[in-house]
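Visitor: I would like to learn how to read a structural model feature by feature. Could you take me through one, giving the general idea before each case?

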Amino acid sequence: MPFIRLLFVIFLTVASNVGALHASDGEASYDQHVLLVGEQGALGHRLVSSICFAQAGIDVARNRRVIEQTRMEISTALVALAEGNDAIPPITNGNIRTQIGSVEMVWKGLDKKAATFLSETGLTDEEVLKLTFKSQSLEKLWRNVAQSLELQTSVNQAPEKLVRTRIITTATNQSRLLQEAGKEACLIHLAHKSQVSAAQVETLKDILATFDQNIFELTFVRPASSLAPQSDVLEQAAFNTWQDWVGLETLFEGVIEDPNGQDMINLLPDMSYGIEFLNMKLHENIAIFMSL
């Protein structure tokens, strides 16, 4: 529940400040770059999560489709950032292009593993468990790119644009937290045959604890102060997403409470589907905000 309450607060804050956050028609904007890069931070975790679920025999056909889709999304994003597309111009800053080059190098290694998994060769459970290190490295490199884009925004644009950039970053981060939590939960199940380490469970707990920290910061540190009218559409969408989270939250709690239990295999199918459904809702909410 803390996860979607966070999203709810984010978008209420966004809606209340929408008048101040609009850029003039002639002003260059990094919004779409920030959005695209923010989304990539989740995709490495999503890839490994789907590989893990499929390896565990859970909704195999759908998770294999998600793997293929995720590979395509990451590859397309890298090309868009380097060469541009209909939505965004290419990145021209030399430092950021170098950072994207580092992302691409790590991505090639993870993509190769994903291709092997989808082939007749496949991967062992131990090999799947090790993929988490590659997804973590990929996320950190994408975070470097995001921070550089935020710096560009602070230098080249008005202060209110930096506020908008940080809201987009925070909102896309929720997708990352969701995918990472799903990945950790599945890897705990996959490691069960050997022995689940306390560190794995603590990692999952830390991810979920971040939700509470963000809620505190968004509610008390940066409260909505504008008297501008709120977006009813965004408010309703955020509330609906919070309702969808309530059921999924209990599945994560079940993993934390009894990671070695026999019921784990019964929790994961609903979790796998629930994560993808909620991820879709998160993207819909971000799309509403971007249209304001």
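This is a predicted model: local features need pLDDT of at least 70, side-chain atom pairs count only at pLDDT 80 or more; totals for chains, interfaces and linings use all residues.

Visitor: At what angle do the axes of helix α3 and helix α7 cross?

Guide: The axes of helix α3 (residues 31–55) and helix α7 (residues 159–190) cross at roughly 5° and come within 8 Å. Angles under 35 degrees count as roughly parallel, and α3 and α7 are therefore roughly parallel to each other. The residues of the contact of α3 with α7 comprise ten nonpolar, eleven polar and eight charged ones.

Visitor: Is H45 in helix α3 buried or exposed?

Guide: H45, which has its place in helix α3, has a relative accessible area of 0% and is therefore buried, since buried means under 20%. The side chain of H45 is also joined to the side chain of K183 by a polar contact of 3.0 Å.

Visitor: How should I read a pair of aromatic rings, and which residues form such a pair here?

Guide: A pair of aromatic rings is described by the distance of the centres and the angle of the planes. The count here comes to one aromatic pair. That pair is formed by Y273 and F277, with 6.3 Å centre to centre and 15° between the planes, and it is stacked, because planes under 30 degrees apart count as stacked. Y273 and F277 both lie in helix α10 (residues 264–291), where they are four residues apart, about one turn of the helix. As for accessibility, F277 counts as partly exposed because its relative accessibility is 31%.

Visitor: Over the ring of which residue does the charged end of R164 sit?

Guide: The charged end of R164 sits over the ring of F289, at 4.5 Å from the centre of that ring.

Visitor: What should I look for in the backbone angles, and what is phi of D59 near?

Guide: Most residues other than glycine have a negative phi. Phi of D59, however, is near 45°, a positive value in a residue other than glycine. D59 is found in the loop between α3 and α4 (60–83), and with a relative accessible area of 37% D59 is partly exposed.

How values were computed
Residues are numbered from 1 along each chain as its sequence is written. Side-chain values use heavy atoms; hydrogens and water are left out. Axes are lines fitted to C-alpha atoms, for helices over the stretch in contact, and angles run from 0 to 180 degrees between N-to-C directions. Helices (H or I, at least four residues) and strands (E, at least two) are DSSP runs, numbered from the N terminus. Angles under 35 degrees count as roughly parallel, over 145 as roughly antiparallel, 65 to 115 as roughly perpendicular and the rest as oblique. Ala, Val, Leu, Ile, Met, Phe, Trp, Tyr, Cys and Pro count as nonpolar, Asp, Glu, Lys and Arg as charged, and the others, Gly among them, as polar. Rings of Phe, Tyr and Trp (its six-membered ring) pair if their centres lie within 6.5 Å; planes under 30 degrees apart count as stacked, over 60 as edge-to-face and the rest as tilted. Buried means under 20% relative accessible area, exposed over 50%, partly exposed in between (1.4 Å probe, protein chains only). A charge sits over a ring if NZ of Lys or CZ of Arg is within 6 Å of the ring centre and within 35 degrees of the ring normal. A polar contact is a pair of N or O atoms within 3.5 Å; within protein, one must be able to donate a hydrogen and the other to accept it, and residues adjacent in sequence count only if both atoms are side-chain atoms.
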